[in-house]
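Please look at the protein shown here and follow its pockets, one of its helices and the confidence of the prediction.

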Amino acid sequence: MASSTSYSFSEAIKLHFGIPLAKHEAMRSDVGYLLKAMAKAGLITLDTGLLAHKKNWRIPAKEMLAVRNAVLLQGIFPEP
């Protein structure tokens with residue numbers, strides 16, 4: 001993966017797990033919340049931009065392994 005490549009949340013989940021987030025609204029919401037919380041805590045870096053006057057979050061290629069691991073761990077050890 002090139003270092004300048006970035007992925008939307010949906011693209012990242014589709015790439016790693018083969019799951020289309022558009023068909024799984026609850027999972028899309030959970031993944032978004034998890035990744036934004038990780039970015040706020042300084043665990044990952046997300047690229048941001050504006051798309052049609054809405055904030056557009058993207059995952060840099062260098063963060064993809066951390067994202068995959070976080071989603072797996074969240075699935076195994078969800079918060080009570």
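Helix H2 gives the largest share of the lining of the second largest pocket, namely four residues, where helices (H or I, at least four residues) and strands (E, at least two) are DSSP runs numbered from the N terminus. This is a predicted model, in which local features need pLDDT of at least 70 and side-chain atom pairs count only at pLDDT 80 or more, while totals for chains, interfaces and linings use all residues. Residues are numbered from 1 along each chain as its sequence is written, and side-chain values use heavy atoms, with hydrogens and water left out.

A pocket, on a 1 Å grid over the protein atoms alone, is an open set of points where a 1.4 Å probe fits, with protein on both sides within 12 Å along at least five of seven lines, and its lining residues have an atom within 4 Å of a point. The second largest pocket is lined by Asp30, Tyr33, Leu34, Ala37, Gln74 and Glu79.

In the largest pocket, 13 residues form the lining, and Phe9, Lys54, Lys55, Asn56 and Trp57 are the closest to the centre. The elements that each give two or more residues to this lining are H1, H2 and E3.

| Pocket | Volume | Lining residues by class |
|---|---|---|
| Largest pocket | About 390 Å³ | four nonpolar, five polar, four charged residues |
| Second largest pocket | About 150 Å³ | three nonpolar, one polar, two charged residues |

Helix H1 spans residues 9-17, and Phe9, Ala12 and Ile13 in H1 are buried, a word that stands for under 20% relative accessible area with a 1.4 Å probe and protein chains only. These residues lie on the same side of H1 because they cover an arc of only 95 degrees around the axis, taken from the directions from the helix axis to the C-beta atoms. Their cover includes strand E1 (6-7), helix H2 (25-40), strand E3 (54-60) and helix H3 (64-76). After H1 comes Gly18, with a positive phi near 70 degrees.

Ser8 sits in the loop between E1 and H1 and is buried, at a relative accessible area of 18%. Leaving aside residues up to four places away in sequence, Ser8 touches Trp57, Arg58 and Ile59, contact meaning heavy atoms within 4.5 Å.

The mean pLDDT of the protein is 86, and 89% of the residues score at least 70, on the predictor's scale of confidence in each residue from 0 to 100. Confidence is highest in H1, at 93, and lowest in strand E2 (residues 47-51), at a mean of 74. Where pLDDT is low, the predicted coordinates should not be read in detail.

How values were computed: Buried means under 20% relative accessible area, exposed over 50%, partly exposed in between (1.4 Å probe, protein chains only). Grid points are joined across faces, edges and corners, and a volume is the space filled by probe spheres set on the points. Ala, Val, Leu, Ile, Met, Phe, Trp, Tyr, Cys and Pro count as nonpolar, Asp, Glu, Lys and Arg as charged, and the others, Gly among them, as polar.
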